[in-house]
Structures are given as structure tokens and as C-alpha cells.
Amino acid sequence: MPGGRSCPDCNSTELVEDSHYAQNQLVCSDCGCVVTEGVLTTTFADEGNLREVTYSRSTGENEQVSRSQQRGLRRVRDLCRVLKLPSTFEDTAVTYYQQAYRHSDIRAARLQKKEVLVGCCVLITCRQHNWPLTMATICTLIYADLDVFSGTYMQIVKLLGLDVPSLCLADLVKTYCSSFELFQASPSVPSKYVEDKEKLLSRTLQLVELANETWLVTGRHPLPVVTAAAFLAWQSLQPSGRLTCSLAQFCKIANVDLPYPASSRLQELLAVLLQMAEQLAWLRILKLNKRSVVKHIGDLLQHRHTLLRKAFRDGVEEMEAYERELQDRGQGHRQEEEKAEKSSLDLPMGKRPASPAILLPPCMLKPPKQLCPPPPICTVTGDEDISDSEIEQYLRTPEEVRDFQRAQAARSATKSVPNLH
């Protein structure tokens, strides 16, 4: 053994390093005596003589890591190991946690925020390495509130000045759908509900791209949209035996949680599919509804780009051309057309083309209702005294003026008479 060290029990020089519970130890290979156990790195000569060095005398005394920070660092490493992240991810997340903990706002924060900080550092690291991980997954693992987590996440990104790319929808769809328990038969999954993984992923991706092109993803949490798209994709692959299955039953069979807004995203996706179906002649005559349109999702997705242009853009151009045509006609014809439009709508000249759906974000199509301010409280009852300076505004006729003068004279005379009592 280098350094001339020997075992204090048997004087053997056969000392080997043994890693036990991630802690390096110096052990005698002859008798098994633990020569050094967890010796701190220090510049003192005591360690060279195999004597124990206290923490206060070691080089670690300058770091002054608090117990709260030590616990947070352990939780960062544990979370990375639970998620099976590479070691480089773990080192980066630990570094971010240490940098964030240096700020006074974080050190003085409540315990709930410090617990959330662990997940924020891991999520930032995963986003920077394009690792598909959602905020909801982290919140589930650390039992954190989503609102608190999102606020802390934005604060850490701003404090550290980090550049965090947005989450790739394709990677999220692949990771999320891979967790479904729909790809092999089991006691909880009947054979008619089992689906091929690649087919489900491919169609779900197409539906998510359609939702993205129609503003259904912008500014929203992606998981409800992905859940709704996966449900429609799963139904459309075998609609005969799956149309009776609801979204809640699908999530229960797939063993995933049902996000609260997923039902709303599902209705919005179905509305877009119905608008697209109106552009196909062989589907228009079927008078599809939100349930029967699922059977034709494959055809709609095959001609997605063309149908979107027809459903949301050609109608607008047709309206503009129709208005230009009306402006070019004479005044007499214009009046006749207005009368014809009011009396008989089936005439070709007076018939107005159907208005196409407007391709705008849902927040603009259905803006939130603004609260009407309460009406001002009127304190005027009509019994208030009128001042002398304003009385002239209420006198209209000469008779009223004379009556007012007599009243004033009588009032002054009454005040001038002394009280005999």
C-alpha cells in the first residue's frame, strides 16, 4: 500500500479500498479490519496518520451547507434515479439546485416551495436535454400542487437566466402513449380493446398536429390534448367495438389519469373534424355527428391540409368575392337584391353563401365574459333643499318668479317680527 500504511490490528500492509453504500473505505484484506471509514478530505496531517478529523477542522467547514439544502440535494439525486435519468442530468440538476439556493428569496421561502424546487431543477434539466417529461409527472412524483410548481418554475428560470426550450409534442406523445396498457391482452384489457402500438402512435401524432394547426394547443397544457387525440385515434382504428367506450373508461383501461380539461379538448377536436367532413362530398350526404365522424378520421387525416384550407380559408375568399360583386352593381339592382334577399332566400342572386368557421384561438372565439360594473348609487331623493343660487334654474314662467318673490318677502317679514312669548 502506498504511503507505508499498515493495519493497526495485524500490521499487514495489504490494504484495499472498498466502496460500501457509496462511501469509500480502507479495509485490511487479511483480517477485514476497517482502517478508515468515511475520512474527510483535508489538508491536515492527521488524516495521513489515520486519525479521525472532525468536520469543523476539515476543509468542508467553509461550505456551510445547511440541513435543508443537504436534504434537497439528496431529493434531487433520488428523483433523478427514480426517473432513470443519465448521470449527467443528475449533475446538472444538482448544480441548478445549488445555484438557486444561493438566492435569498429561495432560502427564505416556505418549506413547500423548497420541496417544489427539487422538481423544478430536474424538469429544467430534462427540457434542456429534450427529455420528454411533463410538469404533471413531476408534480405527481413529489406530491406538489401544479400552480405552486409552475410559479416556482418560472421564478427559477428567471433567477438563473436559463434558456429552456419548449417541450416537443412528438416526443411527449411517444412517451405518454407508451405508458398505456393497451398493447397486450390482460385480465383488465379485453382483446377487442388491444391495439398495435405503432398504429396508435402514428394516428395520435396526426391528430395532435391537427390540433396544433387549429390553435387547440397554443397556450394550453398539452396532456389533455394528447389524451383526447389518443382516445379518438384508438376509437377510429376499430370503431365498431369502441364507439360505446367513453373517455373516462378509456383512461381507466389504459391505466392513466384523466386530465380535467380533456373532455373539452375532445369536443373541440370533434368540432374541427366535422368542419373538415363538410368539405368531402361523400361525407356531406351522410349528415355526420360527433359520434359517427370518428369512423372517417382516417380519410380526414389523409387529406388534412386540403380540407383545412377549404374549411377555413376558401369560404372567406368566397365571401369577399361575393361582396365585391355586390359593390360593382348599380344602385337599382342593389335595392332589388336586398328586397329579394329578404323575401325569397332561395333565389340565386339573393342567396348568401354559408359562413365558414373562423380559424382563431378559442380564447378569441369565446372570450371570457367581463363583469358589468354595478350602476352608480343615486343619492338624490327629490326632497333635498334647493339653494338660493340654484333656484333661478327651476323658475320657468313670470308667475313663478312673482310667487317666489312673495314667498321670500313673507319669510323675511316673519323673521323680523319679535317673539312676544
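Which residues does Ser12 touch, not counting residues up to four places away in sequence? Ser12 touches Ser6, Cys7, Cys28 and Asp30, where contact means heavy atoms within 4.5 Å.

## About the model

This is a predicted model, in which local features need pLDDT of at least 70 and side-chain atom pairs count only at pLDDT 80 or more, while totals for chains, interfaces and linings use all residues. Residues are numbered from 1 along each chain as its sequence is written, and side-chain values use heavy atoms, with hydrogens and water left out.

## Ser12

Ser12 is found in the segment before strand S1 (15-20); strands (E, at least two residues) and helices (H or I, at least four) are DSSP runs, numbered from the N terminus. Ser12 counts as buried because its relative accessibility is 9%, and buried means under 20% relative accessible area, exposed over 50%, and partly exposed in between (1.4 Å probe, protein chains only).

## Helix H5

In helix H5 (residues 135-142), the residues Met135, Ile138, Cys139 and Ile142 are buried. Seen down the axis of H5, these buried residues fall within an arc of 100 degrees, so they line one face of the helix; the arc is that of the directions from the helix axis to the C-beta atoms. An α-helix has 3.6 residues a turn, so residues three or four places apart point the same way.

The buried residues of H5 pack against helix H1 (67-82), helix H4 (111-128) and helix H6 (146-160). After H5 comes Tyr143, whose phi is positive, near 55 degrees.

## Met364

Met364 lies in helix H17 (residues 362-365), and Met364 is exposed, with a relative accessible area of 54%.
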